[in-house]
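Work through the two exercises below with the sequence and the model at hand. Each task is followed by a solution in steps.

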Amino acid sequence: MLGADPATADDAWRARVGVVLQSWRDHARWTPRRLLTQLGGYYAAYSTPDRPRPVPVDELLATVGLTADADRKIVTLSGGLRRRLDVAVGIVGRPDLLFLDEPTAGFDPQARRDFHDLVHRLSDLEGTSILLTTHDLAEAERLADRILILAGGEIVADGSADELTRRVAGSSEVRWTLHGERFVHATPDPTPFVRRLFEEHGDAVADLEVHRASLEDTYIAMVARHERADDATARPLAGAVR
Amino acid sequence: MSAATTGRPPAGRAAVRLGLQRGWTEFVLSLRSPQDQAFYLVSALGTLVFLWINRDDAVEGTDLLYPSVALPSILGALLAFGVVIGPAYALAMEREDGTLLRHKALPHGMQGYVTGQLVYHSLGLVPSLLTILVPGFLLFDGLMSGGAVGWLTLAWVVVLGLLATLPWGMVLGAVVPSTQKVGTWGMLPVLVITGISGIFAPIQALWGWLQVVAQVFPTYWIGLGMRSAFLPDSAAAAELGGSWRPGATVAVLVAWAVAGLLVAPRVLRRMARRQSGSQVQAAREAALQWVR
């Protein structure tokens, strides 16, 4: 990773990596501003002209949306605010590579949406790659440029959301009604199928719907394929790279 | 370390400076915390009430009153106990709550963290000693008979005592399997050592072999050094060998300090190496499940 083995890498290497921990209750008495100032200080020695480190605290607080809560005790922050602080700690050293481990686990839909916006803002950071693990495939589809699917400890798929969906045959589903009767047909290539449908029945075709397989369908298909191949029972995990 | 360019302090030294800041911040936050204020107050009140109840008892073989002899001993015990158990709990807890993991992810983070711990727990002694000393001087007469020399003795005993015990508190915190086990692994042995160290009862009241055991540990010597600082020279007659044995005190405390400073970095490095996210996760689950 970044040209070194994490187990033996030195401190200069460490300065280039950001990790967002699913932390829990550390630094309860500190405030976000105080903690970020203190932890950011460790990166000052690794500052370079094109990569000034650490990120100024006010800028950091604004990025993660904690400006209003910067001087509250950390113990009083809600789960969502707490996670934002964790992200701020992860990026305070302006890392080349940032790890987010299931950042939205346990979030309500609003908090999840806010967090996705935050990740989009982070991806605008100059030259920072983000590696995010998640079990939420809609999340991976929304955020990631490149997706890796892990099953039984192995990478079973690697590509963009589009590429992955295309890789599974019969990946589109066409639904329609004809004379009051419902029909469903699975096809890898819906356009010619729909054209033929119209040629045959004309305007009698009603309620036409074409669904591309979602990433979730793809995922399940790929994991099923993997599990047939060898009897891996480990819980599969989707990884997403931006 | 090619990324560290010239013109700035080296990263390691910067980390130590950040650690000093960290220790100071933790100390200030602790002083402001009602939880810690209550701890300081309760331990001081308990000690003072205990001394006040026994204020008119004469100490056998001397013309001194009980508080004059007991207060220095208790200060010694508080030092030895607090500086071992405090860091042990802090380290065990911060291993589980993610504080340590955060520092592991930082460049030179562990150096900063350990410096912060040393500063924080050393500073923490100040309020716990002052809350007893200041009211003690108001309540009881004849506490400090040594004058300036006595205060000087107090200073070196405190510093040497710190050096002899604080590293072992860190070692303890690094090796206990979990916070819930600090009681069994740390508290119990330290309480036993404190109990046999002549703090509450003269060491001569113990069996001979137990006196030898007590003199292996630093607690006895810190208590002895404290008494030598506060009490008149004539009181030395009540000690083992009828002397304050300052030479032996320095020798024993320095030996513990050297051993501690040799062992602690190794144990801490091993602890840092083994610290991982899944360990923090496991601790979190363990804390939610007390009964198993």
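**Exercise 1.** Which residue in β8(A) is the bridge partner of Ser172(A)?

The model is a predicted one, in which local features need pLDDT of at least 70, side-chain atom pairs count only at pLDDT 80 or more, and totals for chains, interfaces and linings use all residues. Residues are numbered from 1 along each chain as its sequence is written, chains are lettered from A and ligands numbered from 1 in the order in which they are written, and side-chain values use heavy atoms, with hydrogens and water left out.

Step 1: Within β8(A), the partner of Ser172(A) is Arg212(A).

**Exercise 2.** Is Thr99(B) buried or exposed?

Step 1: Locate Thr99(B) in helix α4 of chain B, residues 99-105.

Step 2: Thr99(B) counts as buried because its relative accessibility is 1%, where buried means under 20% relative accessible area, exposed over 50%, and partly exposed in between (1.4 Å probe, protein chains only).

Step 3: Leaving aside neighbours within four places in sequence, the residues in contact with Thr99(B) include Asp26(A), His27(A) and Tyr113(B), contact being heavy atoms within 4.5 Å.

Definitions and conventions
Two strands pair if DSSP finds at least two bridges between them. Helices (H or I, at least four residues) and strands (E, at least two) are DSSP runs, numbered from the N terminus.
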